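Open the model in your viewer and colour it by secondary structure. The stops below say what to select and what to look for.

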Amino acid sequence: MIFWYNLLYRENMKHKKMHFITKFAYCTTLFILGIGTSYAATASCSRANLTRCLDSVCAINISSNPAARCQYCGTSNAGTPPKNAMRTVSAGASAKYNISDKELKKAPTDAGERYAWATAQCIQRVAGCTADDVSDTYDSLIEQSCKAAGVSAQLDRTLAAAAKQKSRVSCENDIRACLIADTYCMADFRNCQSDADFDKFFSACGVNATGCDDHISTIRDELIADRDTAIKNADTILTQIVASYSAAREKKLSGIKSSCTDNSARDACISAVCQRSMANQCAAGYESEKSMAIQLCKFYEIACATVD
């Protein structure tokens, strides 16, 4: 009886000891979990610190480049951020929440990938924040920056266009080459004798001549003057051509009349026929050959009879 009692007592004490250890461990775990649960329940996302962190990745030189957030973490369509830009940090920003220059070397250059990278870095650095907090906090700032990027892009295009303005001589050469094409005015401006036709073709050529806006008016005046000169000269040249042909005709007619008066043209024909076509070249004693040559050259007498 005593034996069984002592055995039961020892087993009971053993179980009590194990129960105490188990209970202590259990309570300790609950205590630790309780602290974690309580901390998680009470910790909230500091969106100001989250913005500081994201800005250290996406808003480099935002003071001088309003499009920075859009260019770095918005869209590549906003353009490329300035190269070799010195990174500036907002006054009062805590370095605790900024991504360092060394860490930034790992950041992707693609805008979308950089945004995802910045999100992953900052929700680890700023306690209590999630990807939803990033979206709620930062997407509107990126949108504003992208609007600024649109204005910047417009300005860049304007400045680029101004920078590409060509010289007046270059513009005139381009427009002239277009204007005198066969489908437009033609080289002698015959298709542009009226101002309406000229302006129609000139406008088409002016539109295609990029970088020439500053010179269009001057070039038009010069080409109008060239057209007027070309048309005037065309009339003069035509008159000169007619006069030249008339003079040549008169000279030739005068020569024909002279050769008919002295029969020199007929005699030259007879001599040529005798030399080339007669066996004895109409020599003395071969009167038949000369008679034949005279008949062959009879057309000179007929022609001379019709000349006034």
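This is a predicted model: local features need pLDDT of at least 70, side-chain atom pairs count only at pLDDT 80 or more; totals for chains, interfaces and linings use all residues.

Residues are numbered from 1 along each chain as its sequence is written, and side-chain values use heavy atoms, with hydrogens and water left out.

**Whole chain.** Select the protein chain: it has 12 helices and 0 strands. Helices (H or I, at least four residues) and strands (E, at least two) are DSSP runs, numbered from the N terminus. Of the 308 residues, 25% are buried (under 20% relative accessible area, 1.4 Å probe, protein chains only). Among contacts (heavy atoms within 4.5 Å) between residues at least 6 apart in sequence, 62% join residues at least 24 apart.

**Largest nonpolar core.** Select L50, L54, V57, L104 and Y138, which touch the most other members of this 24-residue core. A nonpolar core is a set of buried Ala, Val, Leu, Ile, Met, Phe, Trp, Tyr and Cys residues joined through side-chain atoms within 4.5 Å. Helix 2 (47-58), helix 3 (68-73), helix 5 (111-125) and helix 6 (131-163) each supply at least two residues of this core, and helix 2 gives the most, with 5 residues. Now centre on V57: leaving aside residues up to four places away in sequence, V57 touches Y72, I99, L104, R114, W117 and A118.

**Second core.** Select C192, F201, F202 and L223, which are among the 15 residues of a second, separate core.

**Helices 7 and 8.** Show residues 168-179 and 195-208; these helices pack at an angle of about 130°, with axes 9 Å apart. Axes are lines fitted to C-alpha atoms, for helices over the stretch in contact, and angles run from 0 to 180 degrees between N-to-C directions. Helix 7 is therefore oblique to helix 8; angles under 35 degrees count as roughly parallel, over 145 as roughly antiparallel, 65 to 115 as roughly perpendicular and the rest as oblique. I175, C178 and L179 of helix 7 meet F198, F201, F202, C205 and G206 of helix 8.

**Helices 10 and 12.** Move to residues 264-277 and 298-306, where the angle is about 165° and the axes are 9 Å apart. Helix 10 and helix 12 are therefore roughly antiparallel. Select A265, R266 and C269 in helix 10 with F299, Y300 and E301 in helix 12 to show the contact.

How values were computed
Buried means under 20% relative accessible area, exposed over 50%, partly exposed in between (1.4 Å probe, protein chains only).
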